[in-house]
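Student: Could you take me through one part of this protein closely? I would like to look at its pockets and the aromatic residues that go with them.

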Amino acid sequence: MKILTILGSSRENGNSEYLVNQALEGIEHTQLRLSNYKINPITDMRHTKEGFSRVDDDYESVLSDFLAHDLIIFVTPIYWFGMTSHMKLFFDRWSQYMRDDRFDFKDQVKGKKAYVITTGGSNPYVTGLPLIQQFGHIFDFVGMSFEDYVIGNAVKPGEIKEDLLALDKMSAWNRTLKK
């Protein structure tokens, strides 16, 4: 099983990234940091005769890596009660590629396993739930299997090391993913 982590944070070595590193310790995987790529927003052209225009950016490289993996771990801190702009752009572009004849996007995505890691403050176990639901709706729409998620309680760098529940869950994921 080929594992990919998609990091949505603009901060390197943040709390969410710390959790995914714990979950995948000793496990071969590929990591994409969305902030390292130029991914442009698009104009919604779904309902026009001409459809979407090609965009000159790095998205197709990111998409190719995404499509080449079986298990995807989406990693994003909670920003204003949602995913980061980097992660949102990643998903927004799916609208374009679901209509691109070069890709059989929904067929290629169907059945991929999805996990979500997110961290935040101000009672994230409650305020982060709409984000988890959003991921769930996205995965349902394209036929991905939503395997599990974790919400960590941390804001400042390193605070996640105090969230024993999140760390225990990452240990459990690590044991499961090593099988």
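Tutor: Happy to. Keep in mind that this is a predicted model.

Let us follow the chain onward from β3. Strand β3 spans 71–77, and W80 lies in the loop between β3 and α3. The backbone there deserves a look: W80 has a positive phi of about 50°, although this residue is not a glycine. With a relative accessible area of 81%, W80 is exposed. F81 is in the loop between β3 and α3 as well. Its phi is also positive, near 70°, again in a residue other than glycine. F81 counts as exposed too, at 53% relative accessibility, given that the cut-off for exposed is over 50%.

The second largest pocket comes next, with a volume of about 250 Å³. Here α7 (residues 129–142) gives the most to the lining, with four residues. The elements α3, α4 (94–97) and α7 each supply at least two lining residues. Among the residues that line this second pocket are R46, K88, F91, D92, W94, R99 and F141. By class, its lining has six nonpolar, two polar and four charged residues.

F141 lets us move from pockets to rings. As one of the residues lining the second largest pocket, F141 also has K106 over its face, at 4.2 Å from the ring centre. A further lysine, K112, has its charged end over the ring of F66, 5.8 Å from the centre of that ring. For a charge to count as sitting over a ring, the cut-off is within 6 Å of the ring centre.

That brings us to pairs of rings. A search of the whole structure turns up 19 aromatic pairs. One of them joins F66 and F90: their ring centres are 5.5 Å apart and their planes stand at 85°, so this pair is edge-to-face. Because F66 belongs to helix α2 (residues 59–67) and F90 to helix α3 (residues 85–92), the pair ties together parts that are 24 residues apart in sequence. F66 and F90 are both buried. A second example is Y97 with F103, where the centres lie 5.2 Å apart and the planes make 90°, so this pair is edge-to-face as well.

Finish with F66, which has the charged end of K112 over its ring and F90 as its edge-to-face partner.

Note on methods
Residues are numbered from 1 along each chain as its sequence is written. This is a predicted model: local features need pLDDT of at least 70, side-chain atom pairs count only at pLDDT 80 or more; totals for chains, interfaces and linings use all residues. Side-chain values use heavy atoms; hydrogens and water are left out. Rings of Phe, Tyr and Trp (its six-membered ring) pair if their centres lie within 6.5 Å; planes under 30 degrees apart count as stacked, over 60 as edge-to-face and the rest as tilted. Buried means under 20% relative accessible area, exposed over 50%, partly exposed in between (1.4 Å probe, protein chains only). A charge sits over a ring if NZ of Lys or CZ of Arg is within 6 Å of the ring centre and within 35 degrees of the ring normal. On a 1 Å grid over the protein atoms alone, a cavity is a set of points where a 1.4 Å probe fits but cannot get out, and a pocket is an open set with protein on both sides within 12 Å along at least five of seven lines; lining residues have an atom within 4 Å of a point. Grid points are joined across faces, edges and corners, and a volume is the space filled by probe spheres set on the points. Ala, Val, Leu, Ile, Met, Phe, Trp, Tyr, Cys and Pro count as nonpolar, Asp, Glu, Lys and Arg as charged, and the others, Gly among them, as polar.
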